[in-house]
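User: Hi, I have a model open and I'd like to go through it with you. Could you start with whatever wording I need before we look at the contacts?

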Amino acid sequence: MAKESAPKVLTIDPAAAEMIKFAEEQGYSTAFSRVQKLAACPIGESGACCSICDMGPCRLVPTKANPDPVGICGATRATVAARNMARHIAAGAAAHSDHGRDMAFTLLGIATGEAQGYEVRDPAKLRAIAPYFGIKVEGKDLLKLAGEVAAAALAEFGNQKGELKYLSRAPKKRQEIWRRLRLVPRGIDREVVDILHRTHTGDDQDAEHILLGSLRCALSDGWGGSMIATDISDVMFGTPSPLVTQANLGVLKDDEVNVVVHGHEPTLSQMIVRVAMEPELIEYAKSKGAKGINLAGICCTANEVLMRQGIPSAGNDLSQEMAILTGAVEAMIVDVQCIMQSLASLSAKFHTKLITTSPKVKISGATHIEFDEHHALDIARQIVRLAVDNYPNRQATRIPQYTADLVPGFSHEYIRYMLGGTYRGSFRPLNDAVMAGRLRGVAGVVGCNNPRVTHDQGHNYIVKEFLKNDVLVVQTGCGAIANAKYGLLMGEAALEYAGPGLREVCEAIGIPPVLHMGSCVDNTRILTVLTEMATEGGLGDDISDIPGVGIAPEWMSEKALSIGAYFAASGAYVLFGVNSPVENSEEVTRIMSEGWEKIVGGKMEFVPDPEEIVRRSLAHIDAKRAALKLPAYDPSKWGKSGDSRMAELLKLHAEQRQRALYGAPVPAE
Ligand code: NFS
């Protein structure tokens, strides 16, 4: 049966729905309208198309007459599906890791005094990561240390032999598995090249072997490029800790110059945040009739400035066109990744200036102002000035009045701190909660939006189900913003949605039941949390022992596949929604699931039905609990402590004191 090209309900986000309706009425094309006209290619969608050489492209679609087709060269369905998957993973790993490289270059610029406006904002983090690179901290001045760490991080990309340094941060048992299976990445660039080489025509033709190679490449992202990106961003811009901010299109302002930063790298956006607060620029905005300058973000750039400076998010991936449709955006500044080409033609229909800034990314029709960290502040000022100059060109606006508060900023450093303070910060309370069964388990729900499924619905449904079942959720990327829009990233959500055990934990620590851990490169923070849990004691001694899952319910990008693969290679069960890009090969489907589980303990499955995702996730969590000999999940045991019991105890205590003093309780006022 042919699949529907678009879901019946396009979004659950009322702000996006308002803009979709406006676009339909006015005839503006958006991803939501295009998806209804453009069905996914049924051959490519399932991984059946091989286009790596000019003898094809070969379409390996089984028919009655030819149930097991092969390509002109003889490539099987398994080889083709595995090769396509490996190439996707390599592209995702390259994108994330190149982001990490740029962060390292900026840190080097700080050390040499060449990065205008940047500084080491978190010296403690710099000192904490230096030893992983084998760098001694004692007696070194901060800039010297920054220079050495940056150089060592950059060397990880060009390494030809040996092991990536950050692998030593994984549980010991995990490192042994990687070594035994020859999955240890040598250099970040090398692993990406290795995949491009071995998937060239006439190279690696054993599906299992190709996929093992893709795991090594993915590991070079998770425990390499992305982890470097996270760490060095924290060093330069500060390690996140909780703050309150808002999400959704309602954060745009009718009477201010709206500047939207969109993309992924925090380098330019951090400078934009800084200059947008400069009195001269605010005065300049006032001289043009605006009340001030309002910054907002889209996608992961949004997450970077949201968790560090509290800059609100205008929305996730599918909100990028919606922001322009409001008519209220003076400038949308983009850098790299997840930027729809349609922004150029759509912004041309409004007054919005689309500004590309990366030497890697140009879009025809956009204004290109190339970013260069040597002159970062000057360039940021130039861009904001251009936005201000554009304010008088604004026509009618239609900002949907929807926003929700959220508390982002749960870095793994903060999680450790919140669990015990500076006096005895540790993961012990978290492990204890899982061991006792207050928490059934933990889940990372991450990744994109995809217009082929209802915008935000997968994220929202799955997370609410987890909360109901006492599963603590961490989120990153567009998934985090999806649920921020519906209030799930606030403490109050624990009272409304959490099961009794999870509610007690949230009340005791004072946290939301869904923790925002950052952008997509920050999924590495989740790797660190899992490692801490595995080494703390009581939950086995490896990531694969932990009662937890990773889900990407609305994925679309190759980066998501790389993330899924590095989590699987690290021992986690990872489920993807939407559809399976390897559906055409049962063999590859099996290798990535049972096959990987046997050797690395983690697996990757593609399950379009969100209900089935929840079922499999909970079954997995319960199986891991049983393997650890933990008590079976029983919610009836919990819910009697927390606020209500404390209130009763306090009342009782007050009464007893009254009796002791006066012989009888004093009636309450
Ligand atoms: Ni992640 Fe961030 Fe969003 Fe998907 Fe794109 S923005 S890096 S890839 S779409 S979550």
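Analyst: Contact here means heavy atoms within 4.5 Å. This is a predicted model, in which local features need pLDDT of at least 70 and side-chain atom pairs count only at pLDDT 80 or more, while totals for chains, interfaces and linings use all residues. Residues are numbered from 1 along each chain as its sequence is written, and side-chain values use heavy atoms, with hydrogens and water left out.

User: OK, so what is Leu-249 in contact with, leaving aside its neighbours within four places in sequence?

Analyst: Leaving those neighbours aside, Leu-249 is in contact with Ala-15, Ala-16, Met-19, Ala-314, Ser-319, Met-322, Ala-323, Ile-399, Pro-400 and Tyr-402. Leu-249 lies in the loop between strand E3 (245-247) and strand E4 (257-263), where strands (E, at least two residues) and helices (H or I, at least four) are DSSP runs numbered from the N terminus.

User: And is Leu-249 buried or exposed?

Analyst: Leu-249 counts as buried, because its relative accessibility is 0%; buried means under 20% relative accessible area, exposed over 50% and partly exposed in between, with a 1.4 Å probe and protein chains only.

User: Switching topic, which residues touch the most other members of the largest nonpolar core?

Analyst: Leu-107, Ile-272 and Phe-466 do, in a core of 171 residues. A nonpolar core is a set of buried Ala, Val, Leu, Ile, Met, Phe, Trp, Tyr and Cys residues joined through side-chain atoms within 4.5 Å. Helix H9 (residues 207-237) gives the most to this core, with 15 residues.

User: What about the nickel atom of the ligand, which protein donor does it have?

Analyst: The nickel atom has a single donor from the protein, Cys-520 (SG), 2.2 Å away. Donors are N, O and S atoms within 2.8 Å of the metal (3.2 Å for Na, K and Ca), and water is not among the atoms, so sites may look incomplete. Cys-520 is found in the loop between strand E13 (514-516) and helix H23 (523-536).

User: How many residues of H23 are buried?

Analyst: 12 of the 14 residues of H23 are buried, so this helix is largely enclosed by the rest of the structure. The buried residues include Asn-523, Arg-525 and Glu-532. After H23 comes Gly-537, whose phi is positive, near 110°.
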